[in-house]
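Walk me through this structure.

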Amino acid sequence: MLVKTSEGLRYSEITPKQLYLERRKFLASLPAALLAGRELLAPSGRARAAGKFANVGKSPLSVADPPTSYKDITHYNNFYEFTTSKEAVADQAKNFKTSPWSVSVEGLVKQPRKFSMDEILKLAPLEERIYRHRCVEGWSMVAPWVGYSLSVLLKQVQPTEKARYAAFESYFSTSQMPHASNAGLPFPYVEGLRLDEAMHPLAMLCVGLYGEDLPPQDGAPVRLVAPWKYGFKSIKSIVKIRLVEKQPPTTWNLSNPGEYGFYSSVNPQVDHPRWSQATEHRLGEFRRRPTLMFNGYGDQVASLYQGMDLRKNY
Amino acid sequence: MRSRWAKVLVFALCLGPLLWAGWRAWNQDLTANPVEYLTHFSGDWTIRLLVIALAVTPLRKVLGLPGLIRFRRMIGLFAFFYGCLHFLAFLWLDKDFEVREMLKDVSKRPFITAGFAAFVLMVPLALTSTAGWIRRLGGRRWQLLHRLVYFSAIAGVVHYYWLVKSDIRLPLLYGSLVGMLLLYRAVGSYRRSAVGAPHPPINSAR
């Protein structure tokens, strides 16, 4: 009878402890390796400098993070007027009529005015700004937007001393957005910023993406981008900006005040009541990454909120 | 319906969604957010198959097709299979196999608590789904145990309802389906007890 003793097992046959401990890391890195391989086979990034805004200046406000692919930025959108399916917005919005278009800037201003899209495009030199974008749902991307600081537009109409907030309104029409009633939100979509937030250089009036016109699904023809706030603050397809004295109503806050506050600055320490905001899933990456305070724009914007309880003013 | 091929067909239909997801993965077509896609896909098919499994008994009676019982175990096990994939997506893609983090979420986030409960409730049902276990438990006790599926389905709907942001159409759809299927049973059981009739003979799961 053959009895195998433990002497038969050499140390070299045992999985080294280090390797054994890293098995989890290895498992977790598999899909990332697959993604990387896929990227080699079919690069998802888009050749830049092809579109109509190809020659705009590069902004010093850009971050160094590699931009998310054009396809991902344009096929993963929250635009509830069209549909609540992020993958379907591109298709549902493809016939969205964005011309003629104008933005009315009114309220507590000395020179209320309606800006045509042509005027908006010429108000200031356009520039490309590569911004991080963090959705309240826990995903993020990096987008090369084209536009300029919103303050340029606001200065044109000369806000009065009484003006303390900017209230924004999106385009809305049931004929162009027939499925809007499924969203469970009141439309038109409205958003707001405190005036000092709106005047901050980072707050951007955006007309383009990847050197081209904004596609409908990303908020054509003109949208707000406030990169230190959750994405829903960056209102799309703006038709009206009204300067007001009191904090204006905002759509998600109206719909669910306990979950979506007026400020909604990106804050990894303050969880959404239903999920953690400590980490995020960056499109194109596999493992979740830590979310940064003010989405990494703390150096620029933290002073706006000095002395404020960010847990209360979520 | 009687032929062996009917079972093969149901098996293939239940496996279809997974093959479809595999095909999309092969073509790098899992949307911009494959993690979310796989999580939602597996969750969607768990609740769908649970609803279908719960519909087997009412359909047998309403349509007069008692033979449908042959497919119930397979459908239920497929619901559990997609539930496992859903749980794996959560544990792996979302929690990176950090069991402690996972348990923290389970205790802290009501929608995850509900989803986890729905999953855990399915485990004993899957384990005791064999003919051997039916024999060992005895038909009545086995049937009593397998009523846990009602609570699993309810917890699954609650999980979904608590997850969505504002578009509640799908959670409401599944909620009303589960509600109707449970109501059907409640009414039947009330009628039986009202007329004092004994329970109908218990079906073996075969």
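A:Ser237 sits in the loop between S10 and strand S11 (238-244) of chain A. Helices (H or I, at least four residues) and strands (E, at least two) are DSSP runs, numbered from the N terminus. A:Ser237 has a positive phi of about 45 degrees, although it is not a glycine. It has 25 C-beta neighbours inside 10 Å and therefore counts as buried. The cut-offs: a residue is buried if 20 or more other C-beta atoms lie within 10 Å of its own, exposed if 12 or fewer, and partly exposed in between, with C-beta atoms placed from the backbone.

This is a predicted model: local features need pLDDT of at least 70, side-chain atom pairs count only at pLDDT 80 or more, and totals for chains, interfaces and linings use all residues. Residues are numbered from 1 along each chain as its sequence is written, while chains are lettered from A and ligands numbered from 1 in the order in which they are written.

Chain B has a positive phi too, about 65 degrees at B:Thr31, again not a glycine. B:Thr31 lies in the loop between helix H1 (4-26) and helix H2 (34-63) of chain B. With 19 other C-beta atoms within 10 Å, B:Thr31 is partly exposed.

Next, the cis peptide bonds. One joins A:Phe187 and A:Pro188, with omega about 5 degrees. A:Pro188 is in the loop between strand S6 (165-170) and strand S7 (190-194) of chain A. Another joins A:Ala220 and A:Pro221, with omega about -5 degrees. A:Pro221 is in the loop between strand S9 (212-213) and strand S10 (223-225) of chain A.

Now chain A as a whole. It has 9 helices and 13 strands. Of its 314 residues, 41% count as buried. Two residues are in contact if their C-beta atoms, placed from the backbone, lie within 7 Å. Among contacts in chain A between residues at least 6 apart in sequence, 71% join residues at least 24 apart.

A nonpolar core is a set of buried Ala, Val, Leu, Ile, Met, Phe, Trp, Tyr and Cys residues joined through C-beta atoms within 7 Å. The largest nonpolar core has 61 residues; those touching the most other members include A:Trp145, A:Leu150 and A:Leu224. Strand S5 (residues 139-149) of chain A gives the largest share of this core, 7 residues. Beyond its neighbours within four places in sequence, A:Leu224 contacts residues including A:Leu150, A:Phe168 and A:Ile238.

What describes two packed helices? The angle between their axes and the distance between the axes. Helix H4 (residues 99-108) of chain B and H5(B) pack at about 105 degrees, with their axes 5 Å apart. H4(B) is therefore roughly perpendicular to H5(B). Axes are lines fitted to C-alpha atoms, for helices over the stretch in contact, and angles run from 0 to 180 degrees between N-to-C directions. Angles under 35 degrees count as roughly parallel, over 145 as roughly antiparallel, 65 to 115 as roughly perpendicular and the rest as oblique. B:Asp105, B:Val106 and B:Ser107 in H4(B) meet B:Ile112, B:Thr113 and B:Phe116 in H5(B).

Helix H3 (residues 72-94) of chain B also meets helix H5 (residues 110-127) of chain B: their axes come within 10 Å and cross at roughly 135 degrees. H3(B) and H5(B) are therefore oblique to each other.

Last, the contact between chains. It takes 19 residues from chain A and 14 residues from chain B.
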